[in-house]
Amino acid sequence: MANTPSVAITGSGVFTPSQVITNDELVVAFNVYADRENDRRADGIASGNREAIPRSSAEFIKSASGIEQRFVLDKAGVLDPDRMYPKLAARDDEAPSQMAEMAVAACTDALAQAGILAGEIDVVICAASNHERAYPAIAIEIQDLMGTGGFAFDMNVACSSATFGIQAAADMIRAGSIRRAIVVNPEICSAHLEWRDRDCHFIFGDVCTAVVLERDDLATGDRFIVESTRCATQFSNNIRNNDGFLRRTRDAMEDRRDMQFMQNGRKVFKEVLPLVAGHIADHMADAGWVADDLKRLWLHQANKSMNDFIGKKVLGRVPAPEEQPNILQDYANTSSAGSIIAFSQYSADMELGDKGLICSFGAGYSVGSVLLTRA
């Protein structure tokens with residue numbers, strides 16, 4: 001029997017939108033909206049039949065999340081108190097879709113870093129928390145625009161989509177069905193965030209990431225060997241979005257709150273943190289890794305307090321900033337892309353033999369981890 005080939009990540013890319021919304025800008029727009037709504041509902045609030053919408057503040061956002069700004073595809077629509085969601089122009093069916101356009105930019109950078117051509121890719125996996133249409137698959141459109149070979153498919157495991165995509169690609173390479181893959185994560189989170197909800201209006205931003213995986217014996221440059229991957233899911237309603245193609249079949253669904261991002265934050269903290277910490281501990285133990293082996297943790301960028309907790313559990317001490325880099329303050333939560341942004345921006349300094357771990361987690365619940373060694 002032939003030896004199972006080793007798999008390596010040989011390139012990564014990040015597409016970042018040009019528009020930025022700071023906490024201060026976001027708060028101004030939200031508070032105008034909140035004040036208007038409270039004025040409109042003043043009688044109900046005074047009678048106790050309605051609750052006033054609390055105002056937001058930049059200090060509250062930073063304290064609650066660690067976020068200072070976010071990149072978005074459309075700033076004007078989000079900051080318009082009469083609208084408060086992005087305005088993206090409709091595109092003709094023959095024009096590249098918004099997600100595919102972002103993906104091509106990130107994939108181009110990842111391929112350049114890997115030193116390979118698009119035609120050498122055997123599969124494109126478009127792994128994201130939302131896809132702008134049901135079919136044809138965004139991944140197949142990316143395949144067409146990039147000129148890659150083989151096949152392509154979409155995947156959705158919410159915030160864990162990137163790590164699940166990496167496992168799927170690595171498994172196919174090890175099985176011998178493909179030689180190279182690109183996993184791309186176009187996240188237009190601004191379109192499914194409820195910007196009118198104080199408890200979550202600051203959470204998300206837009207971005208796209210991509211990683212190239214290939215057989216190690218084909219790689220020609222710097223790389224990270226994928227030593228092991230592990231994925232797990234556990235059903236929960238604590239992070240949910242009820243939008244979907246059945247929406248028009250039901251009455252009174254035009255502007256229901258649960259058609260956008262919903263989260264029971266306290267329960268998520270309580271339930272996800274031990275799930276993720278235990279998942280990582282078991283994965284490392286089964287691979288024969290100990291905390292002192294880790295040079296770097298590239299964690300899902302959802303909340304600074306969550307990452308601080310997980311990092312301390314994994315390492316058994318408070319991580320140094322360079323051991324657990326955060327990009328949350330600049331990008332906000334970008335769903336599946338967050339851990340890959342951290343990996344892309346904070347991996348070049350790794351030396352031969354250094355070990356690191358990518359981990360993402362979120363709705364589902366879902367958690368995925370990837371153990372890497374710099375080679």
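Let me start with a hairpin: strands E12 and E13 form one, with three residues between them. In the turn sits Gly364, and its phi is positive, at about 140 degrees. Please keep in mind that this is a predicted model. As a point to find on screen, Cys359 stands opposite Ser369 in E13.

Staying with E12, how many of its residues are buried? Seven of the eight are, so the strand is mostly covered.

E12 also pairs with E11. These two run parallel, and five bridges join them. E12 itself covers residues 355–362.

Now the whole sheet. It is open, it has nine strands, and the pairing is mixed. The order is E5-E4-E6-E7-E1-E8-E13-E12-E11. Which strands stand at the edges? They are E5, residues 151–155, and E11, residues 294–299. Each has a single partner strand, so one side of each is left without a neighbour in the sheet. On average, neighbouring strands here are turned by 25 degrees against each other, direction ignored.

Helices pack on this sheet, and I will take two. Helix H5, residues 98–114, touches strands E1, E4, E6 and E7. Its direction makes about 130 degrees with that of E1. Helix H11 touches E1, E6, E7, E8, E11, E12 and E13. The direction of H11 makes about 100 degrees with that of E1.

Why is H11 described as largely enclosed by the rest of the structure? Because six of its eight residues, in the run 338–345, are buried. Those six are Gly338, Ser339, Ile340, Ile341, Ala342 and Phe343.

Next, helices against helices. Two packed helices are described by the angle between their axes and the distance between the axes.

H5 packs against helix H6, residues 138–146, at an angle of about 55 degrees, and the axes are 10 Å apart. The two are therefore oblique to each other. H5 passes H6 in a right-handed crossing. On the H5 side we have Met99, Ala100, Ala103, Val104, Cys107, Thr108 and Leu111, and these meet Ile138, Glu141, Ile142, Leu145 and Met146 in H6. By type, the residues of this contact are ten nonpolar, one polar and one charged.

The second pair is H1, residues 23–40, with H3, residues 58–65. Here the angle is about 120 degrees and the axes are 8 Å apart. That makes H1 oblique to H3. The crossing of H1 and H3 is right-handed. H1 contributes Asn23, Asp24, Leu26 and Val27 to the contact, and H3 contributes Ala58, Ile61 and Lys62. The residues of the contact of H1 with H3 divide into four nonpolar, one polar and two charged.

Last, a single residue. Phe269 is found in helix H8, which covers residues 265–287. Is Phe269 buried, partly exposed or exposed? Its relative accessible area is 31%, so Phe269 is partly exposed. Leaving aside residues up to four places away in sequence, Phe269 touches Pro274, Asn303, Ser305 and Met306. From Phe269 to Ala168 is 101 residues in sequence and 28 Å in space, C-alpha to C-alpha.

Methods. Residues are numbered from 1 along each chain as its sequence is written. This is a predicted model: local features need pLDDT of at least 70, side-chain atom pairs count only at pLDDT 80 or more; totals for chains, interfaces and linings use all residues. Side-chain values use heavy atoms; hydrogens and water are left out. Buried means under 20% relative accessible area, exposed over 50%, partly exposed in between (1.4 Å probe, protein chains only). Helices (H or I, at least four residues) and strands (E, at least two) are DSSP runs, numbered from the N terminus. Two strands pair if DSSP finds at least two bridges between them. Axes are lines fitted to C-alpha atoms, for helices over the stretch in contact, and angles run from 0 to 180 degrees between N-to-C directions. Contact means heavy atoms within 4.5 Å. Angles under 35 degrees count as roughly parallel, over 145 as roughly antiparallel, 65 to 115 as roughly perpendicular and the rest as oblique. A crossing is left-handed if the near helix is turned anticlockwise from the far one by less than a right angle, and right-handed if clockwise. Ala, Val, Leu, Ile, Met, Phe, Trp, Tyr, Cys and Pro count as nonpolar, Asp, Glu, Lys and Arg as charged, and the others, Gly among them, as polar.
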